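Open the model in your viewer and keep the selection tool ready. Each stop below says what to pick and what is there.

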Amino acid sequence: MVVCSYDGSGFRFFRKTLLMNWIGFRLCLGLLVVAVVVLLTGPVAADEDDQFDPLGLVAGYDLATYYSLGEDHWEVWVCDSPDGDLDISASVLAEVLMLELVPYFDWLSGGQYRPVFKVGASGVVAAEGFASCLDAVADHVEAGTEGVVTVVNQETTFARGDPGRWWRIRSGDSSRLELADTSFPGNGRSVNAGGNFFSVPSDQVQGTTPPLISIIAHEFGHTLWFPHSYRFDPGEYDNPMDVLSDAEAAPGLQVGTIAINRYAAGWIDPEEVEVYPGEGSVRYSLAPPGVGGTQMLVLRAGEGGFMTLGARVRKGYDSGLPKEGVESYFIDTETPFCGKGDHLPCFGLSRPTQAVATNPTVPLDFHDEVGHVLEVGGGYMYGDVSVRVVERQGDTFVVEVADEPLDVAGGSSPPVNTVPLAGFYEGAHDADPLGLVAGYDVTTTYTLDDDVWEVWICKASDGYLDLTPENAVRLLESEVVPYFERLSGGRYRPVFHAGGSTEFTPNQYVESGNCETLVGEDHRRENLGYRTGRCPAVCGQGHP
């Protein structure tokens with residue numbers, strides 16, 4: 001019996017200034033607690049059944065590896081839009097994909113994965129634009145095709161990768177994940193983009209790698225069930241070490257992906273993974289992609305998740321890395337947003353993957369995009385376990401893990417300024433009973449009692465996400481409200497009301513606009529910003 005289904009899709013927003021990831025809002029603030037974990041020596045529990053993962057790390061392992069091992073057959077189509085002005089052909093696109101992506105994934109997979117691209121029957125179909133491309137080609141795809149690449153003949157800021165539909169099947173007390181179909185259009189597996197993603201600027205030599213081909217590689221990663229990785233906010237593309245995060249960190253194909261993705265795809269053999277037993281002092285040699293040896297080290301964290309460590313150096317398709325060293329990621333398997341009760345398991349695109357820099361003796365630098373990459377001498381505490389990078393031997397890094405403190409670079413406690421700033425805190429604490437926080441009455445203006453918000457949707461004319469203010473409000477009320485009520489001890493409660501929708505055309509507000517600008521003052525309700533118990537006389541006159 002099917003108890004729930006999910007049409008999984010990856011979404012890449014090329015220009016980050018448009019806030020289409022607003023629905024991430026603060027839903028994933030709870031993920032920031034992942035650094036607080038209890039180290040256990042029991043097996044790592046993948047949410048639901050691990051489905052044949054020999055190490056029990058990845059939920060739905062057999063699904064995740066279905067397309068990522070052996071040949072993967074794709075058809076390439078051009079969607080001819082009435083507004084299109086780019087001269088592109090499906091045969092040229094297929095050639096670019098074969099020249100660029102095939103060797104890229106061959107290197108990443110160690111020769112275990114090979115996408116095969118061919119032109120669709122006619123190669124071109126008429127379509128209104130980006131959003132209607134898939135439907136336009138659905139009736140023309142050859143049987144047995146495992147995915148389609150559709151490219152609209154116009155410039156767009158969007159690119160999308162969809163791994164296909166899957167079902168969660170429950171039988172008694174057990175459940176498993178199954179593919180809804182294995183070929184297009186039944187599986188819905190696709191990559192969609194504008195022709196500009198494949199073009200080479202006029203000032204570059206034709207035949208060179210298109211700079212934005214990394215965005216296409218990013219979307220292809222999604223079709224293999226690779227999720228975004230992130231540093232602090234799951235809605236941000238802020239990890240330059242992973243093509244599944246900041247794909248624009250380097251032009252072309254100069255950055256690969258992290259160890260957990262390669263393991264989930266079957267590209268790292270279980271024999272190439274080490275798992276710290278939870279006690280004693282053990283040293284491991286970590287090798288980067290393309291070099292034989294241990295590819296991933298796992299620190300167990302009981303039922304909550306686990307930490308992975310992997311080595312990266314500037315070689316092969318990692319030549320554009322911003323930093324060499326050992327990177328760390330916390331893989332959350334029991335976040336409340338997937339895998340609890342009737343929620344979906346932390347599988348594929350729903351597997352939270354957070355870059356973690358957890359040295360307790362060094363202040364966290366939010367601006368350091370590679371703070372989770374350790375050089376020789378660097379290290380951190382993970383629960384009760386210490387991690388330290390001991391040395392580099394060629395392209396291999398030696399990592400020591402112990403159940404006792406280890407000396408790490410910068411390990412001395414940071415200096416603490418205990419001298420008050422003259423003339424600032426004295427008389428400026430503004431009603432703080434302890435005199436600790438300047439402007440106390442201002443900082444508590446919105447953090448006590450009800451805090452009233454309106455939710456608006458900004459709809460792009462070529463957008464394809466089905467969002468409504470009402471659905472967004474329900475999600476915010478079920479997830480965000482209880483989070484802040486618990487965090488504040490019941491002193492703070494955000495209240496969400498459905499606003500409305502406003503539409504805009506592509507590029508209309510690309511550089512300077514956002515949803516707030518688009519909504520505009522004339523769209524906002526008069527009570528926006530009024531607060532229960534603190535609003536002017538209009539309260540009680542039809543205003544909440």
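Select Gly110, the residue that follows helix H2. Its phi is positive, near 65 degrees. Helices (H or I, at least four residues) and strands (E, at least two) are DSSP runs, numbered from the N terminus.

Before moving on, note that this is a predicted model: local features need pLDDT of at least 70, side-chain atom pairs count only at pLDDT 80 or more, and totals for chains, interfaces and linings use all residues. Residues are numbered from 1 along each chain as its sequence is written, and side-chain values use heavy atoms, with hydrogens and water left out.

Now select H2 itself, residues 90-109. Where does H2 bend? Go to Met98, where the bend is about 30 degrees. That bend is the angle between axes fitted to the seven residues ending there and the seven starting there. The end C-alpha atoms of H2 are 26 Å apart, which agrees with the 28 Å that its 20 residues should span at 1.5 Å a residue. The expected span is 1.5 Å times one less than the number of residues.

Next, show Cys79 and Cys133. A disulfide joins them, S to S 2.2 Å. A disulfide here is a pair of cysteine sulfur atoms within 2.5 Å. Searching the whole structure finds 1 disulfide. Cys79 lies in strand S2 (residues 70-80) and Cys133 in helix H3 (residues 133-137), so the pair ties together parts 54 residues apart in sequence. Are these cysteines buried or exposed? Cys79 is buried at 0% relative accessibility, and Cys133 is buried at 2%. Buried means under 20% relative accessible area, exposed over 50%, partly exposed in between (1.4 Å probe, protein chains only).

Move to Tyr67, in the loop between helix H1 (61-64) and S2. Tyr67 is buried, at 2% relative accessibility. Its contacts (heavy atoms within 4.5 Å) beyond four places in sequence include Asp72, Tyr113, Pro163 and Trp225.

Finally, colour by pLDDT, the predictor's confidence in each residue, from 0 to 100. The protein's mean is 79, and 74% of its residues reach 70 or more. Select residues 1-49: pLDDT stays under 50 there. Residues 508-513 are also below 50. Where pLDDT is low, the predicted coordinates should not be read in detail.
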